[in-house]
Amino acid sequence: MSRFRNKERETPAVSTASLPDIVFMLLFFFMIIAQPRDKEILVDQKLPKATQLQKLEQKSLVRNFWVGKPKNIGKFGREARIQADDVILTSDEEILRLVAEYKGSLGAQAGKMTISLKADEKVKMKVLTDIKEKLREADARKINYSTVKSSK
Amino acid sequence: MFKKRKKKGLEEVNASSMADIAFLLLVFFLVATQVASEKGLAILLPPKREDDDDTEIEIKERNLYVVIINSRNQLLVENKQMKIHQLKRGVLEFITNNGRNPDLSDSPGKAIVSLKTDMGTDYKTYIIVLDQIKAAYHELRAKHMGITLKEYLDYNASEEVQNACLKKKVQRFREIQGKTDDGESEDDWIRNYLKYDLEKKDRDPKRRDAYIEARELCGLTLAEKYHDAKHVYPLQISEAEPSQTQ
């Protein structure tokens, strides 16, 4: 008899009142650790894998160069190109001008500037050797090959 | 009428849509942001070559470990073909030879790894090879510091300068030299202190004494060990310049 009664009684629904709190917590977490993606990347980006990764210390001193096959093949062709800021460079010579600009904006800390090369793994070394030569010429010698952590 | 309502109690605002709103915001931020992950393999390029500079530095053949990658991503190490996964061991043997094998290096400080790539070499292969060479050096440095490889890779210099012991040492270093208010920032002084090289002939004996005394003040800090390890095992990778300038 008592069994019957139990079955008839409705089980109370799980309270979802705390769900918004949890989600808001997650939201704030992501808002704090993430920073807005301010630059659209116009070239292919599949970073190579490596094991010996080290963190770059002061992000404010890092400037990026993206290297890879352009996503817009019709406009920029199939050859690997270099992107800095929001534009694809027309020639390697522009690197000199850009580095001088970056250095000017950093002022006294220009010597600590690091150039982070975010190159697609399919890029040939010729492109990178050319960039490195230009960076040497512009005296931006601290460089960093941006890589992702290898699972091995 | 009014009384009747009050008795019922205030009706609760339906908050079930709150979760939906929050989820929507969450998804927006997930899509619109990227996690700040600035990690990679750092290297220092050699200084610019002056046109009139034709000084040649002589390096003994034994102190040079020549790694060549061809356009088909094959490896030639010291004139022998090698698989990439064997490279780390090869480099380790080369650095820690200490003059035993006449074909390998005299000492870790003199050892130089020469890395030559072809125009057509894949960047991916280059990174794997560079990674292997770095792995060898990092392993030795971590061992020298008495920490694990992971701890070495995670070592954060800017955190370490907060170390109380290190601060005390730098303070002492400045006091002995009588340079407590010379306008240089504390960070600069920490760098000065850490960079000090005892083996170099220093013109200022006061500075030398100051360094020796400060170093013995309290136990060796991780920052000092890190610099020592880098000094003992300097990562010297020489990359060939493009052929037209040779």
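## Contacts and composition of chain B

Of the contacts in chain B (heavy atoms within 4.5 Å) with a separation of 6 or more, 65% are between residues 24 or more positions apart. The model is predicted: local features need pLDDT of at least 70, side-chain atom pairs count only at pLDDT 80 or more, and totals for chains, interfaces and linings use all residues. Residues are numbered from 1 along each chain as its sequence is written, chains are lettered from A in the order in which they are written, and side-chain values use heavy atoms, without hydrogens and water.

Chain B contains ten helices and seven strands (DSSP runs of H or I with at least four residues, and of E with at least two, numbered from the N terminus). Of its 246 residues, 35% are buried (under 20% relative accessible area, 1.4 Å probe, protein chains only). The chain exposes about 16,100 Å², of which carbon and sulfur atoms supply 51% (Shrake-Rupley method, 1.4 Å probe).

## Aromatic pairs

Over all chains, the whole structure holds 13 aromatic pairs (ring centres of Phe, Tyr or the six-membered ring of Trp within 6.5 Å; planes under 30 degrees apart are stacked, over 60 edge-to-face, the rest tilted). B:Phe173 and B:Tyr193 form an edge-to-face pair, because their ring centres are 5.3 Å apart and their planes stand at 65 degrees. B:Phe173 belongs to helix H7 (residues 164–177) of chain B and B:Tyr193 to helix H8 (residues 186–195) of chain B, so the pair ties together parts 20 residues apart in sequence.

B:Phe173 is buried at 0% relative accessibility, and B:Tyr193 is buried at 1%. Ring pairs join B:Phe173, B:Trp189, B:Tyr193, B:Tyr196 and B:Tyr211 into a cluster.

Technical notes:
Buried means under 20% relative accessible area, exposed over 50%, partly exposed in between (1.4 Å probe, protein chains only).
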